[in-house]
Amino acid sequence: MLIFNWRPVKEKLLTMEPKGSITSPKDRPQRSLSTSSGLRYGSLVNSVTSLAPELADKPPISNTRAYIAVAVLCYVNLLNYMERYTIAGVLPIIQKYFDISDSTAGLLQTVFICSFLLLAPFFGYLGDRYNRIYIMAGGLSVWLVTAAGSSFVNKSNFWLLVVLRSLVGVGEASYSTIAPTIIGDLFTGPKRLIMISAFYIFIPVGSGLGYIVGSSVTHLTGDWHWALRVTPILGLLGLLLLVLLCPNPPRGAAETHGVGVTGKSSYREDVKYLLKNKSYVWSSMGVTAMAFLTGALAFWVPTFLSRAQVSAGIRPPCTKEPCNAQDSLIFGGVTVASGILGVFLGTTLSRYFRDKVSYADPLICAVGMLGSTPCLFAVIFLASTSIPVTYIFVFLAELLLSLNWSLLADMLLYVVVPTRRSTAEALQISVCHLLGDAGSPYLIGAVSDAIRNSKPATPQWSFRSLKYSFLICPFIGILGGLFFLMTSFYITEDTKAAQQLVEGDPPPQNGPVFEPSLEVNNDRNK
């Protein structure tokens, strides 16, 4: 092995007269680049034989197989979010069945998110080092068993339901952490944005269908337990498709024309690298604020609107099961429609402005967060006067928040090197859920209980207590918008640094410090 700087050799190769072998990405010589953790940028240990021009193999994964893989990942993502919000769709019925308060009801979502965020770093670590399909399949198997088991809990075992809901987070932690990185390794550039958008559009679609399926199945069967059995049944098919049809592409395959990149670093080095990536840190704080909003709204809005109608005398209070689940059905439809339109609009704006303004993505996210704030105020104060107008503002708020879904994922993929993307996804998930939607449903419920307990219980006061607790949300939206504005100051520099590192050029010394051990590797079976 000879030790020398790759950069001059690269420049010589690029200036050589082409003789039919160096004409396209497929025909470029394959590189074997590696560094030990102690070497600085540009100090590359290269094999002399790897410098000889060779015809590159065909891409390891065909376009058809890549599209099929994205379709399967989208299907499983749909089921994940359907299952997550099915309970929210029948929450008033569950509260009546178990005779629990708002804060205790919010605990059902909080324990699920807590297990999700605690396990995400573990799965992120595994996802950067081992076969990602096997990891996801194992997590989804746990998800199927525990989700199905929660549908058999009887009235005297509420805390068993809480435990099972926490275990459901195991499957989602494995899947949500790893699936986006597979898409990132199958596509690059505008095509990756489109594929990521397709994947993330199923977050609002799945969430909305969770409300619709939960309320509809409960209405048809007269028993909310059956609503929790739909997604595990459909999930069996998803697990089978995942194992049979989804490839495990080399990490960084999209950026290296199918060759792939491997890295040798400790978890501590990975975390240190991410904390020095300013755009990653600020965008993660923005995602946290967004998670707080979406978690609180998704869990409590149907109940809030139901209480508003009871308070106004439009609907009688629920005294026996099954309670009226019409608001969950409508809210689910609104969520699906606003989510599809929002993700499509966000993707379109990004594709149009990204070539003109390099920091367009975080600006779009900031506009979405800040624009949703007045809509949230309108939802809170108009619910007692006009339900139809309130739903219009619910639609607008969710539309603006949905602008961000695909952009957030794509930003992470292009500012973080391929060998650390699973860890980056995991840490972002942990932080955004820990400080976001893990606590927001419980916090809103706890504040509502505290306010309601200050006066004798009436339908009107029950509505107002939840209304006042919702006032936390608009201020979190403003904070999130400011975080994304801060991201826009650093994202151009961080994107260039990540690209230069993957391509083999040292990033500028005045940018974020990168100390990965990267190797462009021809072994596609890892």
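Start by selecting helix 19, residues 472–487: with 5 residues, this helix gives the most to a nonpolar patch. As you look around, keep in mind that this is a predicted model.

Now bring up the patch itself. Select Leu370, Phe475, Ile478, Leu479, Leu482 and Leu485, which together make a nonpolar surface patch of about 490 Å². Pick out Leu482 next, which sits in helix 19. Is Leu482 buried, partly exposed or exposed? Its relative accessibility is 44%, so Leu482 counts as partly exposed, because that class runs between the 20% and 50% cut-offs.

For the second stop, move to Asp99. You will find Asp99 in the loop that joins helix 3 (91–98) to helix 4 (102–127). Check the backbone here: phi of Asp99 is near 55°, a positive value in a residue other than glycine.

The last stop is Asn248. Select this residue in the loop between helix 9 (230–245) and strand 4 (261–263). Asn248 has a relative accessible area of 14% and is therefore buried, since buried means under 20%. Which side chain does the side chain of Asn248 make a polar contact with? Show Arg132 alongside Asn248 to see the partner: the two side chains make a polar contact at 3.0 Å.

Key. Residues numbered from 1 in each chain as written. Predicted model: local features only at pLDDT ≥ 70, side-chain atom pairs only at ≥ 80, totals over all residues. Heavy atoms only, no water. Helix = DSSP H or I, 4+ residues; strand = E, 2+ residues; numbered from the N terminus. Buried < 20%, exposed > 50% of the residue type's maximum accessible area, 1.4 Å probe, protein only. Polar contact = N/O pair within 3.5 Å; in protein donor to acceptor, adjacent residues only side chain to side chain. Patch = residues over 30% accessible without salt bridge, like charges linked within 9 Å, V, L, I, M, F, W, Y side chains within 5 Å. Areas by Shrake-Rupley, 256 points an atom, 1.4 Å probe, with all protein chains shown as cover. Salt bridge = Lys/Arg side-chain N within 4 Å of Asp/Glu carboxyl O.
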